Amino acid sequence: MAIRRIKTGDASCLYKLAKPVVKFDEKLGDLLDDMAETMYHAEGVGLAGPQVGVLRRVVVIDCSAERDGLIEAVNPEIIYTEGEQAGMEGCLSFPDEQGWVVRPNIAVMRAFDRHGNEFELRGEGLLARAMLHECDHLDGKVYKRLVVPTPEDYKEEE
Ligand code: NI
């Protein structure tokens, strides 16, 4: 396992479409191991392939307080969303920045594990937010394009 360098800011790989994984091999396992180690080292709750310069549809997520709830998702797809949540969001590719983002409160993701077994995961609140945020990365979309003024920003204008 190795910690990979996280691409930040204007790095072009953050704005490109990632390709589906076709080989569920040892190289994929190594990539997922490295991504998890990199995410934990950076104290993030999620990391997507493009953020380490790999334009493949892979993400890792861990929203647990104990940092023992690793989710690995290969070729993930959001197949259902419901409700709405609004809150501050950040990204390891934009360190020391946060923005107010409105997203669905519930999301269901269909994906494959590292061995090619399909699974579905339902997330609510932070987990839904992380799933949606990471899947966006695979389409070259960063959260910053979704940032809107906070309720406090509106108040100041009154
Ligand atoms: Ni991110």
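How do the residues of the lining of the largest pocket divide into nonpolar, polar and charged? I count eight nonpolar, seven polar and six charged. My classes: Ala, Val, Leu, Ile, Met, Phe, Trp, Tyr, Cys and Pro are nonpolar, Asp, Glu, Lys and Arg charged, and the others, Gly among them, polar.

I note that this is a predicted model, where local features need pLDDT of at least 70, side-chain atom pairs count only at pLDDT 80 or more, and totals for chains, interfaces and linings use all residues. Residues are numbered from 1 along each chain as its sequence is written, and side-chain values use heavy atoms, without hydrogens and water.

**Largest pocket.** I read a volume of about 340 Å³. Of its 21 lining residues, Val45, Glu89, Gly90, Cys91 and Leu92 are the closest to the centre. A pocket here is an open set of points on a 1 Å grid over the protein atoms alone where a 1.4 Å probe fits, with protein on both sides within 12 Å along at least five of seven lines; lining residues have an atom within 4 Å of a point. Helix 2 (126–138) and strand 4 (85–89) each supply at least two lining residues. Helix 2 gives the largest share, six residues.

**Second largest pocket.** I find about 290 Å³ of space. Its lining includes Arg4, Asp25, Val54 and Arg56. By class I get five nonpolar, no polar and six charged residues.

Asparagine 75, not a glycine, has a phi of about 50°. Asparagine 75 is buried (under 20% relative accessible area), at 15%. Aspartate 96 has phi near 65°. Aspartate 96 is exposed (over 50%), at 85%.

Technical notes: Grid points are joined across faces, edges and corners, and a volume is the space filled by probe spheres set on the points. Helices (H or I, at least four residues) and strands (E, at least two) are DSSP runs, numbered from the N terminus. Buried means under 20% relative accessible area, exposed over 50%, partly exposed in between (1.4 Å probe, protein chains only).
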